Amino acid sequence: MNRALVAILACAGIVATFAAVFAADQVPAQKPISGYDFMTPEVQQLQDDDFANPGLLWVEEGQTIWDDTKVASGKSCASCHGDAVTAMRGVATRYPAYSVEAGHVINLEQQINQCRRERQGEPDFPYESEPLLSITAFVSTQSKGLPQSVAIVGPAAESFERGKAFFYQRRGQLNLSCSNCHEQHAGDHLRGESISQGQLNGFPIYRALWQTMGSTNRMFAWCNEAVRAEPYPAGSQEYVDLELFERWRGQGLNIETPAVRR
Ligand code: HEC
Ligand code: HEC
């Protein structure tokens, strides 16, 4: 290998190390505000209503899945983890997270599917399927009221940097980045829709526009399509990295799953 190339590679190594160290000192560009604060009082009331919030139907279904022993291993989630109220409390605040088993950063859906495959002997719940949305909503709601707090250093640092680059990258025919709308225009109106900071603390969310629950990755795809960019598949590493950066932007916001949005 020629000397110049060796020098460049050595530099890249140092830069990567510095990136990992400095990631710890980074501060989000804005004080995080929940999407809830951008909703009309009617939508907020629906979210706050412990009977009328439509997302609770998915949470209920999630409880059924949690207790289901009719799986290949005969072990329900509860057989191993016990009562979700205590076992899953705080878990959603930490995801996406680096998984030693997977060898990369995974989101909560993927951690749940890891348990499905490895510990229940069952195939993955497909992305955006009712069961995956339900069990994700069920696990997430156990962290309701607890602040988001993801790790972005160590083995998660590279993923974080990629997610950050994605967030600031202009794309699509409209040539807009996530930041263009959700940082520079948060609080403004776009075709009658009030633009929020694009935070994830309410996910999975019940969205009136969709008439159903949707995951973080479905939202990313929707926003990509809004600027006429090709969306990535749900569960792609690009979206998991973006989710990590997004959760970090909202560091400290309380989890409010299941949130209701327009
Ligand atoms: C046979 C036992 C077993 C079963 C069944 C099982 N899990 Fe797990 N689960 C584990 C173990 C062990 C870990 C920790 C190791 C790991 O990360 O995979 C874990 C980790 C997790 C985590 C991450 C917790 C954290 O603090 O980061 C979640 C979330 C989870 N399981 C959800 C589920 C759900 C939902 C189900 C049912 C669909 C399920 N598990 C079924 C054993 C099990
Ligand atoms: C053209 C402007 C625009 C761009 C660019 C855009 N979004 Fe959005 N986004 C919206 C609108 C409009 C909504 C729905 C209203 C709201 O919650 O802000 C939305 C909603 C969201 C939400 C849901 C917030 C909540 O509280 O439920 C998230 C998360 C989000 N966007 C993330 C992103 C990400 C990540 C990107 C970059 C890949 C992106 N958006 C790019 C316009 C945009």
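Start by selecting R228, which lies in the loop between α10 and α11 (helices are DSSP runs of H or I with at least four residues, strands are E runs of at least two, both numbered from the N terminus). Its phi is near 60°, a positive value in a residue other than glycine.

Before you go on: this is a predicted model, where local features need pLDDT of at least 70 and side-chain atom pairs count only at pLDDT 80 or more, while totals for chains, interfaces and linings use all residues. Residues are numbered from 1 along each chain as its sequence is written, chains are lettered from A and ligands numbered from 1 in the order written, and side-chain values use heavy atoms, leaving out hydrogens and water.

Now click on ligand 2. Which residues are closest? C178, C181, H182, S196 and C223, out of 26 that surround ligand 2 (a heavy atom within 4 Å counts as near). α10 gives the largest share of that shell, five residues.

Next, show some N and O atom pairs:
- H182: a side-chain N or O atom is 2.7 Å from a nitrogen atom of ligand 2.
- S196: here a backbone N or O atom lies 2.7 Å from an oxygen atom of ligand 2.
- R261: a side-chain N or O atom is 2.9 Å from an oxygen atom of ligand 2.

Then hop over to the peptide bonds. Y95 and P96 are joined by a cis one, omega about 0°, and P96 sits in the loop between α5 (84-87) and β1 (97-99). Pick T257 and P258 too: the bond between them is cis, with omega near 0°. P258 is in the loop between α11 and β7 (259-261).

Key: Polar contact = N/O pair within 3.5 Å; in protein donor to acceptor, adjacent residues only side chain to side chain.
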